[in-house]
Structure formats: structure tokens, C-alpha cells
Amino acid sequence: MQYRTDPKTNNRISTLGLGCMRFPATVPGRPDARTAEAIIARAVERGINYLDTAYLYPGNEACVGAALERLGLRDKVFLATKLPHGSCKRPEDFDRFFSEQLRRLRTDRIDYYLIHNVTSPAQWERLCALGIEAWIARQKEAGRIGAIGFSYHGSAGDFTTLLDAFAWDFCQIQYNYAGENYQAGTAGLKAAAARGLAVFVMEPLLGGRLAGKLPPDAKRILEGARTDVLDTPAAWGLAWVWAHPEVTMLLSGMASPEQVDENARTASRALAGGLTEEEHAVIDRVRAVFERANRVPCTGCNYCMPCPQGINIPGCFAAYNASFAHSWFTGVAQYFTASAIRSGHPKLATNCIRCGACARHCPQHIEIPDRLDDVRRRLTPGPVGAALRLLARRDR
């Protein structure tokens, strides 16, 4: 495992961190405890020393806390979680949520604490009016918070304003080769590093879409340029992020011990500046292919769920993108599965009533109701839509 030094705390952090949001779950909102424990154990064994969770990840903090306690690993990792700032209406809410998080995580401190999913400076200003700056100072002085930062999902223009709004220790941004100019982007990465902040990267593989879900033409490009280190699409995507010296650590949502092994192997050999000009040119070609197929920038984070109408929103968008990346028939097949069409109670994109509950929670700022209309038009054109309605009626 390679390590990079956090410039604010001098902590030695593994270049690969474990994002816990995507732990497998047999029941929504209830991560599989045995699998999660196996993933965490393997991660620490392979040298990973940073774990990331959040209050808003259903069941996740409690799962992580229980696993760390059973394995006796709390003091071997840096633990990160996040404040659900949108739910903080009064000053006492800061203590209420934080105390609950300490209880769930079975710990007396949070090493890296983030203001979760910040999209504009105005959100931070609202928290300041509630007294969050003094609250942070008290928690840090008491040793209950080690470092304070924020995860960002806003525009490039607002990012530097937020960087200068407080004496942050670190920030967390979405960054991958398909999104150099998206949200904070490369300019934001460099701006944060120039201010002496540690920069942690989320979505390095865009929710897995730069790994196993690349269009066939993109996969063929990577296969043709394969090396001992860059031997999978995931390895290419991770190595591209690590090649930026401003990146302190990237988070990967690994869903099995085997994925931990694969990513840790890549991490052990991926260095800052580690890609050649020829390899960057390969990524440029892959990016061009990917952008033609990536019609909806959904990462499958599930922040939009559950839908009040039962629509599998991420599944619909995955099917829509697959219809461009692979074939229309592939997209339709995926859409049928995502919509539970054989259940007799299908949850089609046409079920959307445009309530807007999903769009308000989307960190990618996707206009979800409008894009669901696109799904409907592409994947259930006239005859197909009629057939689906007939099938649904027959199966009831």
C-alpha cells in the first residue's frame, strides 16, 4: 500500500480508502454485517487505514461501528463520517446528531468529520448563523473531532468561495477521468491543494461505470493498451486519479474482499505522475467513447431513493445509458428488470408524478423527472409501452 501525508494533520493515510456506502445489503437499509466485516478486515489487512461512512447511509454507521468493535480495529483506522446539515434547524441539533453518530460508531471520537453534500456557500452561511464554527472549535478542543472538512457537490465557481469561508482541514470532491470539469473538477482539486488542504476523492470510477460498465469500444481500447499494472478498466480509472499529486486519498466502495484485493494491488503500484503520455492518450480516447454513451450522469448513489411511486430511478437510468453504450435491446432488457414488469405491479418511468422529491436529493443535480421522460420515450416507445401495459394487466 502507498501512503500520502495529510498536510494539515501529518497523518499518514493510505492512498486507497474504503467507502462504506455500497456495502452489500440483503434488505434495503440493512447492510449485510458478515460481508461488511469481511470487507473491513481485508481492507485493514491490505494496509487501508481510512473508512468513510455517513449519518444518511441507512444502517451504515451502526454496521461499521459494530464491525470495528468485533474486530478490535478502531485504533488502527482513521474513521470518517458526515453531519446531515440539512436536518440541522437549531444549534442543539449539532450535538444531537453527533452524539447519535458516536453511539452508532461505538467510539469517543471522529477522526475526519465532514459537512455532508454541500452544494453552495449559502448552506455553510446558514450553519454559521446557527453557531457551527464555535461548535466545531469545542469538539476539536475536546478531542471528539480530529479534522473538519466538507464533501462537495456544487458548481466549480462556488467551490473556491467555500474553500475560503472557513479554516478547513480537508475537502472531499468527486473526481474521475470522465469528469475533469465537473463540479470542483481539476481546477478545484488544485485550488484546495494550493491552500494546504488534504483532498479526498469520491466516485473515482463514477459508481462503477468506469469499471465493468464501460461501452465495448472503450473496453477494447483499454485492453489493447493493457500492462501488468493497468490490467482492468478499474485499474486504469484509479491510476488516473492517483497520478495527480494533489490527491491525498481516493475512496472506493468495494463490495467484496476480492474487490479489496484487486484495488489494493493497483494501489500498491500507482504513484503520483505514474501515467505516461501514451497512457494519458489512451484515457483521452476512452473518455471520448464514454461521453457519447453517458446520457445521464447517475452514479447509482441512491440518494434519490426511495421514490414515493416505487420507481427504481437508478435502475432506469442505468438501463437508459446501457441502451446507448451497448444496444437498445440491452437497455430495454435492463429496464424490464428494473421496473419489475413481471411482478404484476410494474414501477415504470411513466409512474412518475413529478413530485420532485428525488431531484432535491440528487448530488449530481440531475433533473430526474425530465430524464425519466427520456427513459420512457426511448425504452417504451408506442408499441412497447402498449405491450407493457397489456402484460401488466394480464399478470394481475
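Contact here means heavy atoms within 4.5 Å.

## About the model

This is a predicted model, where local features need pLDDT of at least 70, side-chain atom pairs count only at pLDDT 80 or more, and totals for chains, interfaces and linings use all residues. Residues are numbered from 1 along each chain as its sequence is written, and side-chain values use heavy atoms, with hydrogens and water left out.

## Around His116

Let's start with one residue. His116 sits in strand E8, residues 110–118 (strands are DSSP E runs of at least two residues, helices H or I runs of at least four, numbered from the N terminus). His116 is buried, at 5% relative accessible area (buried is under 20%, with a 1.4 Å probe and protein chains only).

Leaving aside residues up to four places away in sequence, His116 touches Ala54, Leu56, Tyr57, Lys82, Leu83, His85, Ser151 and Tyr303. With Tyr303 there is also a side-chain polar contact of 3.0 Å (a pair of N or O atoms within 3.5 Å, one able to donate a hydrogen and the other to accept it; residues adjacent in sequence count only if both atoms are side-chain atoms).

## The whole chain

Zooming out, the chain has 15 helices and twelve strands. Its radius of gyration is 21 Å, close to the 21 Å that the globule rule gives for 396 residues, so the chain is as compact as a globular protein of that length (C-alpha atoms only; the rule is 2.2 Å times the number of residues to the power 0.38).

Buried residues make up 53% of the 396. Of the contacts between residues at least 6 apart in sequence, 75% join residues at least 24 apart.

Methods
Buried < 20%, exposed > 50% of the residue type's maximum accessible area, 1.4 Å probe, protein only.
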